[in-house]
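Hi everyone, thanks for coming. Let's walk through one structure together, starting with a strand and ending at a ligand.

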Amino acid sequence: MAILEMRDVTLRFGEGRSGGDAGPATIERVSLELGDNEFLTVLGPSGCGKTTLLRIVAGFEKATSGRVLFDGSEVKAPGSERVMVFQQPWLYPWLSVRKNVAFGLELQGGRVDWKRVDEMIDVVGLSGFSSYPPYRLSGGMQQRAALARALVMSPKILLMDEPFGALDAQTRQDLQEFLLSLWERLQVAVMFITHDVEEAILLGDRMLVMGTRPGCIALELPIELPRPRTEQMMLEPAFLEIRRQALDTLREVALRAAGITGTGAGDLPGVPADGIGGGGAPETGQAQQNSTGQNSTGQNSTGQKSTGQGVNEDVRLPGAAGQATEPVAGSPRGA
Amino acid sequence: MAVEPQTALLEATEDRRAAGSEPAGAESHTPGRESRVKRWGRRGSYVLVMLGALALWELIVAAHLFPAVALPSPVHVLHSFAKTATKGYLGKTLGQDILYSVVRVGIGFLGAVVLGVPIGLLMAESALVHRVVDPFLQLGRPVPPLAYIPLFVVWFGLGELPKILLILVGTIPIMIISTIGGVRSIPQQRYEVARCLGAKRRQIFARVTLPSTLPEIFTGMKVGIGIAWSTLVAAELIAASVGLGWLVEQAATQLRTGIVIAGIIVIGILGYLMELGIRLVERAVIPWRGNV
Ligand SMILES: Nc1ncnc2c1ncn2[C@@H]1O[C@H](COP(=O)(O)OP(=O)(O)O)[C@@H](O)[C@H]1O
Ligand SMILES: [Mg+2]
């Protein structure tokens, strides 16, 4: 059964308020479904509207038209059954790690189930750091705490906006494995935004590739790789084929965007709906040769991407990486 | 936000930048604090500079560049200090002057904090309140507090009330403006995290807005305590019969330059100590400052 259903969702910024003039659509006619416990990855070039799409689901932005149904009812406002995880951890520096994780539970009033909080801290491998202020933790550990803060709410869906984009390669890989092991254990759907093709394939059950200006779904691909996923799979033909199709679509999307702004390729149709299901179209072979091609690998994002900027696992947890792949004892969901 | 050329405000800007750009980069050291060795090194250099200045002062006096009445020697100033402290001057001991001035500054300054912070919060949270209060703030801010003295004397007489109110009026704008600036500089994501987790408006105010604003409030207090002192001394120059400002003014009219300089130094030290006190409280209340 679908937990999330988007039907013909369009969003124009600037509309909605009286007298506001509507700009061009940021998101145009996006329809998608997300099953219970499904892991959906969304890939797209920087600025195509990935974050906006996620924010619509979270309830931070209101669709100009179309319907967003979550668990059968219309999304109107943010709520703890749809928790967002940002690129930065955004922990509150005045609260300890434990208090940060308990933040959402404390908002509910009544007694906080501290056992559950501590279990969740244990699950993300931070039990030795409960009383630490978050800024004493490394970037990867902070993101784990942010994940615990989200998961402790028992959300039905995790909305993750390039959550590992600011981490160095090793930490990112650890956290990817860790996230998968968590997801396999918990009953939660994930909508995971990334501009990293490998990450999108390695994590997802299904992948959407977005087109840009306006943001739309250019390609939908099932990822039929067995789980648990491993780094080695990145060399398998199935992986490479999915990767090729995704990259082809991204190139096509970039060409289209270039066409709209009038730098050659003007003959390409500006209607992105053409791209749906059209991954691996024959003409993309030539597109690869095009000068725009090298800019469209999906990893060419702007300043947002800051890999390898020396964010190290400073206070490294003994065996943190190993724990990520091993089963974690005790269900944090607690019955 | 005010663009005062104060180091405290510059510090705040740096804090905010750190908050915005790379919270994930925070590591196990605390960049907001210098090491013990470095701190003592800095203090040592302060002492050395002061000793050097004293030596230079003594040299200038010894060279008779100025008449003694204009520039008495450090030793003479120390004498004046001791005499004022023990025997008093014009019937008031230095201790009384200090007590009166400190109490006036203390009450006026705390009043400005206690009133200014809520006003700033209200203005930041409500467009209506902002629209009503901001014109007065903008009009009042460029007026030097001294200009209010005649009016305050007419309204409140020559007692303690006009002096304390003057300090309050002089200090409250920086408190309001710092608080508003603090609220305005809160990264949007701090709110969004809370809303995602189910926070209601009032909860967000208490659990996100208030703590997030504390660093800028303390910055405002550190700037404000200086303003409070200068306002006080100005007030005491005009209408007082005790207090450090009064002491300096009276001694000057009688050409007791030693007492004037001693009084100025005492004012400087007291202002510095009060700022130090605020810094200590700040460190206890927001140890996370600069570590966002
Ligand atoms: N609140 C907003 N008001 C106006 N335009 C916005 C707003 N948020 C995002 N946009 C615009 O929408 C487009 C998509 O942004 P975003 O969803 O952040 O892209 P992505 O996450 O894929 O990089 C961008 O052109 C951005 O400038
Ligand atoms: Mg984004």
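Let's begin with strand β8 of chain A, residues 189-194, where 6 of 6 residues are buried. Buried means under 20% relative accessible area, with a 1.4 Å probe and protein chains only; strands are DSSP runs of E, at least two residues, numbered from the N terminus, and helices are runs of H or I, at least four.

A quick word on the source: this is a predicted model, where local features need pLDDT of at least 70, side-chain atom pairs count only at pLDDT 80 or more, and totals for chains, interfaces and linings use all residues. Residues are numbered from 1 along each chain as written, chains are lettered from A and ligands numbered from 1 in written order, and side-chain values use heavy atoms, without hydrogens and water.

In a regular strand, side chains alternate between the two faces of the sheet. In β8(A), A189(A), M191(A) and I193(A) are buried on one side, and V190(A), F192(A) and T194(A) on the other.

Which strands pair with β8(A)? Strand β3 of chain A, residues 39-43, does so in the parallel sense over 5 bridges, and pairing takes at least two DSSP bridges. There, F39(A) stands opposite V190(A). Strand β7 of chain A, residues 157-161, is also parallel to β8(A), over 5 bridges, with D161(A) opposite I193(A).

Now the ligand. Helix α1 of chain A, residues 50-58, gives the largest share of the shell around ligand 1, 3 residues. A backbone N or O atom of G47(A) lies 2.7 Å from an oxygen atom of ligand 1.

Terms used: Polar contact = N/O pair within 3.5 Å; in protein donor to acceptor, adjacent residues only side chain to side chain. Buried < 20%, exposed > 50% of the residue type's maximum accessible area, 1.4 Å probe, protein only.
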